Amino acid sequence: MWRRSPSFILDRHSSSSPPMADTTRVPFQNPDSISAYYQARAAHHGVISIDWLAQAKAAVGDVSADEQLNSTVADLGTEKSFNVIEEFNNWRKQPDLAEAVAAIRALAAVIRASEATTMMELEIELKKASDTLKSWDKTSISLTAGCDLFIRYVTRTSALEYEDFNSAKSRLLERAEKFGEISCKARKIIAMLSQDFIFDGCTILVHGFSRVVLEILKTAAQNNKLFRVLCTEGRPDGTGVLLSNELSKLDIPVKLLLDSAVAYSMDEVDMVFAGADGVVESGGIINMMGTYQIALVAHSMNKPVYVAAESYKFARLYPLDQKDMAPALRPIEFGIKIPAKVEVERSARDYTPPQYLTLLFTDLGVLSPSVVSDELIQLYL
Amino acid sequence: MESRRNPRAVVDPKVRQVGFFTSSQPDSTQQQQPDPIASVSSPPVSTISPSGNSLSPVMIPPPRHNSSDTFPLRGAAAAAASAVSPSSFSYSSRRDFPDGSMTASPGRVSRGSFVKSYVPVASSLPGVGIDSMAAAKSSSVPATGLTTVSVVNMPPGLSEEVQSDQKNNSKSLKEKTTKAERRALQEAQRAAKAAAKAEGGGKVPPVTLGSVAGTSVKAAKTAKPTSQKNDVVVAAGPSEKKGGPSEKDRKKDAPHPRMQYDDESRVVKAKRRAVVKQTEAKNRVELFRHLPQYEHGTQLPDLETKFFQLDPMHPAVYKVGLQYLSGDIAGGNARCIAMLQAFQEVVKDYSTPPEKTLNRDMTAKISSYVSFLIECRPLSVSMGNAIRFVKNRIAKLPITLSESEAKAALQSDIETFINEKIIVADNVIVKHAVTKIRDGDVLLTYGSPTAVEMVLLRAHELRKKFRVLVVDSRPKLEGQLLLRRLIKRGINCTYTHINAISYIMHEVTKVFLGASSVLSNGTVYSRVGTACVAMVANAFRVPVLVCCEAYKFHERVQLDSICSNELGDPNAISKVRGREDINYLDGLTNNTNLQFLNLMYDATPSDYISMIITDYGMVPPTSVPVIVREYQKEHVLV
């Protein structure tokens, strides 16, 4: 209802709300379209809610049932997809592992376990498995991007021209493993690359609990750099508190800020670090709610904003504005009762346009935001 | 330092002096003239243009003056050369500058180099659009420029004439210097020869002749046949084929009656080869002298009568050229497709002459057809890229193919190009763009871009709820065509003119624009007015989406809308169709204080563009050079 156009009153009359088709199709998606991705993140951070547990159980259980019902392929197919989700869940249980990496590993396992005899069949299997994974959580950008990139990367080889299927398959497997390796090691590479940007005596502002950024700061501390960190509180997930816990374990001086105190403290900040849920084609990032705000303030005060993101997060999305993305909602507790008539903005993430970002630290190197599109073009061409 | 400053009172305001000036006092600089000029001639082109000597290259002078024309010519040439991206054309002029030891010859050389280098470049790479501009420039400049035969006498002659120029504003220069007298004599001789060979003295109306003569300085020397020859030969200039550097040195670019030709036969040949008799427009805006501007309405009847005499020209190409001239076919895609289909006909009817190879001969033919089309209307970038593709294909034909096989291969290649790069590309663009249209959107579009129209129609088919705001502008009023087609499909539309753009922008959610071309630095080169719309949208923080097929991308870079553009019919501005009572400007077309400027294109900086939708997907403007690179690779591989 709240649109750009001041004629929203007219628009409300003329338009009818689009039917929520998505939720009916996929039974294990919460009809309220609470983002499973953010709930999973919350779970990792120890903030487990009963809903999520039930949902996860339902997900694992339902998927197999779902696949058996919908699968048009023989038992082979069902086993595979069952396999994929199982594998995925196995991987996902480690809180340190990124979801996309888990998915990539699972897909590599699909190739390994595949009993297809032709290349087309293998590709179709891969596609099915990736669709299943993606449908697990439609709001997770890195998952979708990771799966897509994996498939493009793996099938983008001239090995497919070979006569011998087995050699082609082993080549595919090789590439899949390699991609998995790269993705796993991505964090370490990024941490290494960003060491040059942290100098002694600097003050870093961090928003959200990004494991990549944590890795960077950890490595810097291990290299005996002297710096201090300002963390935003990160409501409602409380990510700031968690991050400050972690950092204090590493003996890094930390200061917690209210989300609203960012502009107040921006003077004493030397640089801003942020992770990314996804990097879009324009070079902008989609990250936890509040990143855009901080980037705007930093930009207006001429502070550099550095984004640490692995390369499998490059997505083929191109949001024009904040509302142009698939919505990802999460429950927000205010601590006090809110009357029912009051709407709450529950979106979990926002889009930061590329002009407010200075550099991207990726495992492909330290890049400027416009390089994202170049990389994607070369991969998808 | 006071000597460096030009006393403003003396200078004709029409003369735009750019950059530093040394003293403009002719008497004091009489002795200095040779040096600055000589020194100016030697340094590379890039340094000449803005920071040059006052009298020499920098000045964009009034058309009358004999001698000053050489320098502005050179300067304008230099300016164009420096503005144009590196191409063989600019290299040749660069090369020629240091060669010119004599002051006048660089001027001549530069113009010669324009014509000569134009053609080889036309058959090789960078945008034919630029080259046509350069050629057009070369053809337009001679109308006003003048080179002198005797180089040695240039400096004193120049200073004298400059002095007189500054004092004398009248179009017809009555003063004759000794040099001028000599020139007049030579020109009279030339005119006599030309008149003898002229195809028909009565074709070009005397009025235009007189006015053309009027614009140029040499009214004193100009005989009617001379002007006519000038007009004809000017148009023929660009159609000159091969030119080696040595020829460039000798030959002036566009055969100009007031210019001295070393090679009589060349001039005559060029004139004979010219198909379109373009008459130079009078009273042109100084800043746009480098662009061709012809009298509208004079060529069409002439060409139509010549329809059955067109030996060298294929009828399909002739027809397309006429359609361009009359404005029947407009728009990047339409023109390109029409041209390619004409080329298909050409290939179908082609038969290799004896003793010639198919590759070379067909390439030569295509080049000649292209120059004819340029005479009708300057090429758009889409057409330039398509021509490059066709020539590439011809060159790549294996020698072993028989003629019919080669012809069939070519025809199918052209067909594939049209299909893949235009038709299917449009479908892909539509597919991407409709994902950006949401219910409740208010979409603004400007002019009549084909790609955007398809997007809107498709979105309507998909039952999205949106309304469209069509912004239009004079004199073409192209938006009305789009409006009609949208209304027919039942789309909710609003129509307004561009002067209301800031008034309605606040209710717009997205802006969809089309493009004639997207350049390497992300600049969008499109119908004039697009930059204005994009700028206002940016100010209101409305996202601007440009829909453009990838074959329209070009690797050149353009920083402003001046260095490369197209001038339309100036009368279209002064008149309003259907409103005969708006005739305030009648009779003012020849007034020296008033020039009409009808630009066709403008350049929108990449900062105002949010996204470019191409058949390669949705990309930010910064990724255009990547696509250009990948695109060319594709050509090479394919």
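1. A residue counts as buried when its relative accessible area is under 20%, and as exposed when that area is over 50%, with partly exposed in between. Cys376(B), at 7% relative accessibility, is therefore buried. Cys184(A), at 31%, falls in the partly exposed class. The model under review is predicted.

2. Disulfides. A disulfide is a covalent bond between the sulfur atoms of two cysteines. For a pair to count here, the cysteine sulfur atoms must lie within 2.5 Å. The count over all chains is zero.

3. Chain A. This chain has 14 helices and 10 strands. Of its 381 residues, 54% are buried. Among contacts in chain A with a separation of 6 or more, 75% come from residues 24 or more positions apart. The accessible surface of chain A is about 18,000 Å², and carbon and sulfur atoms account for 56% of that surface.

4. Chain B. Here there are 26 helices and 10 strands. Buried residues make up 58% of the 638 residues of chain B. Residues 24 or more positions apart supply 79% of the chain B contacts with a separation of 6 or more. The accessible surface of chain B comes to about 24,900 Å², with 57% belonging to carbon and sulfur atoms.

5. Aromatic pairs. There are 12 aromatic pairs over all chains. One of them joins Phe389(B) and Phe417(B), whose ring centres are 4.3 Å apart; the planes meet at 25°, so the pair is classed as stacked. The pair links distant parts of the chain, with Phe389(B) in helix 19 (residues 381-396) and Phe417(B) in helix 20 (residues 403-434) of chain B, 28 residues apart. Phe389(B) is buried at 9% relative accessibility, and Phe417(B) is buried at 4%. In chain A, one aromatic cluster is formed by Phe197(A), Phe273(A), Tyr306(A) and Phe361(A).

6. Helix 19 of chain B. Helix 19 of chain B is mostly covered, with 13 of its 16 residues buried.

7. Charges over rings. In chain A, the charged end of Arg175(A) sits over the ring of Tyr153(A), at 4.3 Å from the ring centre. In chain B, Arg527(B) lies over the face of Tyr601(B), and the distance to the ring centre is 5.5 Å.

8. Lys436(B). This lysine is in the loop between helix 20 and strand 1 (441-446) of chain B. Its relative accessible area is 5%, so Lys436(B) is buried. Leaving aside residues up to four places away in sequence, Lys436(B) touches residues of chain A, namely Tyr318(A), Pro319(A), Leu320(A) and Asp324(A), and residues of chain B, namely Asp441(B), Lys510(B), Leu545(B), Met611(B) and Met618(B).

9. Gln341(B). The residue is placed in helix 17 (residues 332-349) of chain B. With 42% relative accessibility, Gln341(B) is partly exposed.

10. Backbone geometry to check. Most residues other than glycine have a negative phi, and most peptide bonds are trans. The following items depart from those two patterns.

11. Cis peptide bonds. The bond joining Arg235(A) and Pro236(A) is cis, with omega about -5°. Pro236(A) is in the loop between strand 2 (227-232) and helix 11 (239-249) of chain A. In chain B, the peptide bond from Arg474(B) to Pro475(B) is cis, and omega is near -5°. Pro475(B) occupies the loop between strand 2 (466-472) and helix 22 (479-488) of chain B.

12. Positive phi. Asp251(A) is not a glycine, yet has a positive phi of about 65°. The residue lies in the loop between helix 11 and strand 3 (254-257) of chain A, and Asp251(A) is exposed, with a relative accessible area of 69%. Arg541(B), also a residue other than glycine, has a positive phi near 55°. Arg541(B) is in the loop between helix 24 (530-539) and strand 7 (544-547) of chain B, and counts as exposed at 55% relative accessibility.

How values were computed:
Residues numbered from 1 in each chain as written. Chains lettered and ligands numbered in written order. Predicted model: local features only at pLDDT ≥ 70, side-chain atom pairs only at ≥ 80, totals over all residues. Heavy atoms only, no water. Buried < 20%, exposed > 50% of the residue type's maximum accessible area, 1.4 Å probe, protein only. Phe/Tyr/Trp six-rings, centres within 6.5 Å; stacked < 30°, edge-to-face > 60°. Helix = DSSP H or I, 4+ residues; strand = E, 2+ residues; numbered from the N terminus. Lys NZ or Arg CZ within 6 Å of the ring centre and 35° of its normal. Contact = heavy atoms within 4.5 Å. Areas by Shrake-Rupley, 256 points an atom, 1.4 Å probe, with all protein chains shown as cover.
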